[in-house]
Amino acid sequence: MSSNNSNSNYKVKIQRFGSHLSGMIMPNIGAFIAWGLITALFIPTGWWPNEELATLVGPMINYLLPILIGFTGGRMVYDLRGGVVGATATMGVIVGADIPMFLGAMVMGPLGGYAIKKFDKAIDGKVKQGFEMLINNFSAGIIAGILTIIGFKAIGPIVLTLNKTLAAGVETLVDANLLPLASILIEPAKVLFLNNAINHGILGPIGIEQAAREGMSILFLLEANPGPGLGILLAFMVFGKGMAKQSASGATIIHFFGGIHEIYFPYILMKPALILAAIGGGASGVFTLLLFNGGLVAAPSPGSIFAVMALTPRGGFLPVIAGVLVASVVSFLIASVILKGSKEIDETELAKATEKTSELKGKESRASVLVKKEETPVEEKEVNKIIFACDAGMGSSAMGASIMKNKMKKAGLSIDVANSSINNIPMDADIVITHKDLTDRAKAKHPEAKHISVENFLNSPKYDELIEKLK
């Protein structure tokens, strides 16, 4: 029993670490894509080479993107004050390096937020009246300045060495044609929601550096290739039975075109042997990309085929399409053999597997669209603002808020509905809606609000109950 608890705690720690990394990257994905599009269009090998506009590429990748990461990391720890100190401290590792310092920003940003948070806590209640602004401004400036120097002299060189070591390791795997073996780790990690630590912590930063140097990187497609999941879902459409077969077509559209890969995770959890199909598809896709020298100019997020195509460099469409197609075919063939040779799947197994994805993720999984659960009624009060909150504030909560806005509009109600992360719940929120696994954290953040727990952000009956009460 203690061994199981230990393993569970270890997994939760990795998930939290991955969530922390993705929390610094995901809000800034738009800036990464902007850099990728400018690179794809205007560099000498781009679609419309332009020497003047191409000068944007270097400053954006060397300064803008790392500073955004540092600011976001600091803000996650200590709101705007932490963000400013984190962004300033990040300049130390940027100036002291000759490569884009994404890993350094992931260190300095949270470190800056943590340092100023600790200082403010230490002097809380000890500042004489009238000196608050003076102390606040100078303390942030002094701490940010000290951390910038530390980053330049100490942390920067360490992170630079680590970054180059990791990059050399990846290059060795590429040169030895062993990169397809990475799928043995990546595909199971995706299903267990441990991929963020790998994708955003290692592959993304190294991929950006590689793309800046060579115009593209295969690393962006190791995890984001929609082919393996597509093949598995197509196999369920052909050889599946019952609810799994009926829901597979809708899941295919959400996965392949919408880019929400976690929609197919319940199908693998329902039949664990299918992880072999995901690994086989992923490895064959990577091998194909290596064979034809395929890659992207930036990380596609979400992993939609539209995002993949938009970030494909000029002349690179055939290799990328081949990588996706081969991955789909191989995973389809392996999944078909497994499904045809297995016993009929119980109707309730998809629902159980969908619940399992939320347990593994530690929050509401967007795969919950596959099933619908009954909820218990809740009492509501008069409200002006409703907030949907999830871990990052961008995925499930955004979908839930969008659904509620439409329901409010149809009901003729003019109540403000928005989404946010748990850490940034507005204090003027009257109702906070969260997944049941996050409700305790939300209550601790904003105890005065009325809290509603749901198991399914996408089709909870509590939404209609709330609308009726608000009328």
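Colleague: What makes the side chains of D428 and K385 a salt bridge?

Modeller: The side chains of D428 and K385 come to 3.1 Å, N to O, and a salt bridge is a side-chain nitrogen of Lys or Arg within 4 Å of a carboxyl oxygen of Asp or Glu, so the pair meets the definition. This is a predicted model, in which local features need pLDDT of at least 70, side-chain atom pairs count only at pLDDT 80 or more, and totals for chains, interfaces and linings use all residues. Residues are numbered from 1 along each chain as its sequence is written, and side-chain values use heavy atoms, with hydrogens and water left out.

Colleague: Why is K385 called buried, while D428 is called partly exposed?

Modeller: Buried means under 20% relative accessible area, exposed means over 50%, and partly exposed is in between, with a 1.4 Å probe and protein chains only. K385 has a relative accessible area of 16%, and therefore counts as buried, whereas D428 is partly exposed because its value is 46%.

Colleague: How do you know that D120 and R81 form a salt bridge, and what makes this pair a tie between parts of the chain?

Modeller: The closest N and O atoms of D120 and R81 are 2.7 Å apart, which gives a salt bridge. D120 lies in helix α4 (residues 102–123) and R81 in helix α3, so the pair ties together parts that are 39 residues apart in sequence; helices here are DSSP runs of H or I with at least four residues, numbered from the N terminus. D120 is buried because its relative accessible area is 13%, while R81, at 22%, counts as partly exposed.

Colleague: What makes the phi of D79 worth a remark?

Modeller: Most residues other than glycine have a negative phi. D79 is not a glycine, and yet its phi is positive, at about 50°. D79 also forms a salt bridge with R75, where the closest N and O atoms are 3.8 Å apart, and both residues lie in helix α3, 4 residues apart, about one turn of the helix.

Colleague: How do you know what confidence the predictor has in the protein?

Modeller: The pLDDT is the predictor's confidence in each residue, from 0 to 100. The mean pLDDT of the protein is 82, and 83% of its residues reach 70 or more. Confidence is lowest in helix α15 (residues 349–361), at a mean of 56, and highest in helix α14 (residues 317–340), at 95.

Technical notes: Helix = DSSP H or I, 4+ residues; strand = E, 2+ residues; numbered from the N terminus.
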